[in-house]
Amino acid sequence: NNHAMDYGPEGLLDTLGALKRAGVSAIGAGKDLREAERFRVIEARGLRVALLAFTSTFPLESWAGEGRPGVAGARLERLPALLARARLAADVVIVSFHGGTELAEEPNEVQRAFARAAIDAGADLVVGHHPHVVQPIEEYRGRWVLHSLGNFLFVSPTPATRWGVVARAAVGRGGVRRVELVPVDTWYGELKPAAPEGARAVKEALDRWGALTLSPDRLALTELP
């Protein structure tokens, strides 16, 4: 994300090393461009899911390059080849995207352009974050774009950022079959189920373009038990 390089290349590599020692796979950053753009495959119940991550947030100096540590920048011209390799290795391809305008209720043109390019290149689902607020779901070529899930574990004093959503996708060899969206309360980083008013706010934000209303069999708002 846009803070991955706050402590420079040394800080990023230290973080990646700590994750590796803890047995946590990381995507979207690395010691050079090739490693930053590398996808990860998770196998479960005979299904292979490839995960990739990119960011469009500045500064550009934080983007990985040849021999330079950094994050995987959202270079649209590189998506077709990267996702083609992921498709060969997996049954389902999910792309994470860190971009957009903070506190904006709707995605900007960069978000929409990246999501469409990713789906054109073979992504089954695009999941976005960075605006800190929930943004509407978009359907493109029969696939879902979750432009912004809002906050998760993040301390923010801004009331607009309180409500977030967790996406639970049911996937198969044909792609994403159904997405359950769980409203959560993220106030001051203390994650818990959203109160009714929070659930209503999340539903309104997600359905601003009518996706929930038009596809009740493929999208569902649910609650934590």
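Helices (H or I, at least four residues) and strands (E, at least two) are DSSP runs, numbered from the N terminus. By that rule, L214 lies in helix α6, residues 211–214. This is a predicted model: local features need pLDDT of at least 70, side-chain atom pairs count only at pLDDT 80 or more, and totals for chains, interfaces and linings use all residues. Residues are numbered from 1 along each chain as its sequence is written, and side-chain values use heavy atoms, with hydrogens and water left out.

**Helix α1**

- Helix α1 covers residues 8–21 and has 14 residues.
- From first C-alpha to last, α1 reaches 20 Å, close to the 20 Å expected at 1.5 Å a residue. The expected span is 1.5 Å times one less than the number of residues.
- G8, L12 and L16 of α1 are buried. Buried means under 20% relative accessible area, exposed over 50%, and partly exposed in between (1.4 Å probe, protein chains only).
- Cover for the buried residues of α1 includes β1 (29–30), α2 (33–36) and β4 (70–71).
- Just after α1, G23 takes a positive phi of about 80°.

**Strand β8 and L146**

- L146 is placed in strand β8.
- L146 is buried, at a relative accessible area of 3%.
- Contact means heavy atoms within 4.5 Å. Leaving aside residues up to four places away in sequence, L146 touches L125, V126, V127, G128, I137 and A167.
- V127 is 19 residues from L146 in sequence, but 4.9 Å from L146 in space, C-alpha to C-alpha.

- F152, L153 and L191 form a nonpolar surface patch, with about 300 Å² of accessible area together.
- Patch residues have over 30% relative accessible area and no salt bridge; like charges are joined within 9 Å, nonpolar side chains (Val, Leu, Ile, Met, Phe, Trp, Tyr) within 5 Å. A salt bridge is a side-chain nitrogen of Lys or Arg within 4 Å of a carboxyl oxygen of Asp or Glu.
- Accessible areas come from the Shrake-Rupley method with a 1.4 Å probe; for residues, only the protein chains shown count as cover.
- L153 lies in the loop between β8 (143–146) and β9 (163–172).
- L153 is exposed, with a relative accessible area of 59%.

- L214 is exposed, with a relative accessible area of 68%.
- L214 and K203 are 11 residues apart in sequence and 13 Å apart in space, C-alpha to C-alpha.
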